[in-house]
Protein chains: 2
Amino acid sequence: MASATLESPGKPDGVVGTLASSVYDMMRKDILKGDLPPGEKLRVEYLRDRYGVGASPIREALNRLSVDGVVVRVDQKGFRVAEVSVAELDELIKTRCWLEETAIRESIAAGDDAWEERLVLAFHRLSKTPRSADQVTYAMNPDWEVLHRAFHLALIGACESRWLISYCEQLNDLADRYRQLAAYPRRNELDEHKAIMDAAVNRKPDDAVEVLVDHYRRTADIIRDSVDQIS
Amino acid sequence: MASATLESPGKPDGVVGTLASSVYDMMRKDILKGDLPPGEKLRVEYLRDRYGVGASPIREALNRLSVDGVVVRVDQKGFRVAEVSVAELDELIKTRCWLEETAIRESIAAGDDAWEERLVLAFHRLSKTPRSADQVTYAMNPDWEVLHRAFHLALIGACESRWLISYCEQLNDLADRYRQLAAYPRRNELDEHKAIMDAAVNRKPDDAVEVLVDHYRRTADIIRDSVDQIS
DNA sequence: AATGCATAAAATATCGATATTTTATTGACG
DNA sequence: CGTCAATAAAATATCGATATTTTATGCATT
């Protein structure tokens with residue numbers, strides 16, 4: 001953990017947009033995957049070194065991240081990576097289940113063929129991608145993570161509310177952070193993902209909700225002990 | 001409108017916290033009540049004059065506001081006040097109804113005596129406060145607005161999810177912005193607020209949801225034409 | 001040993017200058 | 001008249017210095 005924290009993950013070469021936005025993206029990723037661990041003080045001077053930019057873009061990114069929920073801002077005391085806890089995990093999952101129930105019901109009700117096709121493709125791509133980057137020992141596969149996120153967002157993509165989608169995105173990312181932080185066993189969720197997709201495509205909202213909620217709760221159950229130890 | 005835009009609403013004298021936070025609060029209020037109108041370009045040089053602080057705190061505040069949904073940020077092009085539209089209003093109200101349905105059901109289920117008492121007091125204070133600042137012509141009463149917000153947040157305060165509460169807060173504020181921007185007739189919502197409170201306190205979730213949703217939709221109906229004209 | 005105070009060191013937040021990018025303007029050409 | 005290119009003006013974004021605040025340290029007192 002210490003070496004992961006101190007090692008610079010790279011500089012914003014080939015900058016697109018602004019330095020502040022690049023730093024925001026990089027820092028956000030580092031926090032969500034645990035490279036910047038829960039509770040860590042985010043000192044501007046250290047971050048300048050780590051990301052290779054000046055204090056202003058760093059502070060701008062930190063301000064944005066603080067509204068995202070991954071960074072905690074205290075006036076005059078600076079910024080800190082948001083803590084994790086079992087209570088927080090449970091509240092997060094509970095809220096996620098509420099909101100995604102609404103979102104998936106609305107998507108099933110309003111979703112057209114295009115939505116179905118996006119969902120089917122998202123599942124297909126996810127199912128073709130190895131869950132683990134290593135065949136012997138579980139190792140996080142970044143490709144799978146990207147496709148996994150896309151699959152879950154495709155499920156709710158037809159709910160016709162950018163607000164609800166953005167809230168679900170936020171809760172998704174925060175929940176995934178817990179998964180990255182926890183000791184996660186080899187587990188293949190393929191059948192669960194397929195059951196969710198089938199229920200959605202077959203326009204069975206009650207089934208979809210039940211399987212989806214079960215999926216999220218099961219994940220939380222698996223990682224709960226581990227979260228208790230890192231918090 | 002032009003004079004309201006150009007007139008400085010005050011400087012951060014007696015700064016508490018940081019300049020960035022003070023500017024954030026002031027600018028947020030100015031946007032929500034329409035003093036900084038929809039679509040307006042937020043030029044840093046102008047805001048420096050208006051709020052009397054340097055570019056850095058201005059940019060920091062703008063970055064935070066951009067995640068709030070009241071400001072739109074485009075890299076290399078700066079910041080602009082978020083636009084309004086009828087479609088946006090409808091999506092907002094729809095989402096608000098979904099989320100507050102969940103929040104009020106959960107609050108009714110989990111809320112203890114303390115929650116009831118907070119709600120009863122919030123209603124009481126709201127009912128004692130004149131809806132309009134002027135007895136002849138409707139004029140926005142800031143005191144009523146503060147208590148109105150508190151009442152609605154008290155309703156959902158026992159839902160046991162800080163995420164859901166913060167989303168409802170955001171949607172509440174954005175919906176209230178529409179009310180401030182629109183030509184709003186003299187209307188007294190006292191009976192509606194009472195019906196909502198009674199249903200909640202009497203632990204009747206279906207009634208509470210129905211009256212609450214009706215309340216929000218009615219407001220949207222009242223202001224829709226006016227919103228169409230300012231957007 | 002615990003508490004309080006003063007001072008030094010470290011960190012946070014802001015300022016103003018300046019580098020970079022976008023927008024506006026003007027003139028040439030078809 | 002419309003389009004394109006060049007240039008100037010305006011605006012955005014960043015830098016590094018510095019003012020302000022917080023934290024750490026050392027010493028004295030109870």
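Because the model is predicted, local features need pLDDT of at least 70 and side-chain atom pairs count only at pLDDT 80 or more, whereas totals for chains, interfaces and linings use all residues. Residues are numbered from 1 along each chain as its sequence is written, chains are lettered from A and ligands numbered from 1 in the order in which they are written, and side-chain values use heavy atoms, with hydrogens and water left out.

Chain A is divided into domain 1 (2–81) and domain 2 (86–230), with bounds that come from an automatic or database domain assignment. The centres of these two domains of chain A, taken over C-alpha atoms, are separated by 26 Å. Contact (heavy atoms within 4.5 Å) involves 11 residues of domain 1 of chain A and 6 residues of domain 2 of chain A. The two domains of chain A bury about 700 Å² between them, 58% of it on carbon and sulfur atoms, where buried area is the accessible area (1.4 Å probe) that two parts lose on being put together, summed over both. On the side of domain 1 of chain A, Leu32(A), Lys33(A) and Pro38(A) lose the most area to domain 2 of chain A, together 53% of what that side buries.

Across this interface of domain 1 and domain 2 of chain A the rule finds 1 salt bridge, the term standing for a side-chain nitrogen of Lys or Arg within 4 Å of a carboxyl oxygen of Asp or Glu. A salt bridge joins the side chains of Asp173(A) and Arg28(A), with an N to O distance of 2.6 Å. Between domain 1 and domain 2 of chain A there are 2 residue pairs in polar contact, both residues being at pLDDT 80 or more; a polar contact is a pair of N or O atoms within 3.5 Å, and within protein one must be able to donate a hydrogen and the other to accept it, while residues adjacent in sequence count only if both atoms are side-chain atoms. Two or more residues of the side of domain 1 of chain A that touches domain 2 of chain A are given by each of helix H2 (19–32) and helix H4 (55–68) of chain A, where helices (H or I, at least four residues) and strands (E, at least two) are DSSP runs, numbered from the N terminus. H2(A) provides the largest share of that side, 3 residues.

The interface of chain A and chain B places 32 residues of chain A in contact with 32 residues of chain B. The area buried between chain A and chain B is about 3,000 Å², of which carbon and sulfur atoms give 51%. In chain A, the most area is lost to chain B by Trp98(A), Trp163(A) and Tyr167(A), together 22% of what that side buries. Between chain A and chain B the counts are 4 salt bridges and 25 residue pairs in polar contact, both residues at pLDDT 80 or more. The side chains of Arg59(A) and Glu60(B) meet in a salt bridge with an N to O distance of 2.6 Å. On the side of chain A that touches chain B, H4, helix H5 (86–110) and helix H8 (162–181) of chain A each supply at least two residues, and the largest share, 9 residues, comes from H5(A).

Turning to the DNA, 19 residues lie around DNA strand C, of which Lys41(A), Arg59(A), Gln76(A), Leu19(B) and Gly54(B) come nearest; a residue is near a strand if one of its heavy atoms lies within 4 Å of it. Sugar and phosphate account for 88% of the atoms of DNA strand C that come within 4 Å of the protein. Phosphate oxygens of DNA strand C lie 2.3 Å from a polar side-chain atom of Lys41(A) and 2.8 Å from a backbone N or O atom of Gly54(B).

Around DNA strand D there are likewise 19 residues, and Leu19(A), Gly54(A), Lys41(B), Arg59(B) and Gln76(B) come nearest. Here sugar and phosphate make up 87% of the atoms of DNA strand D that come within 4 Å of the protein.
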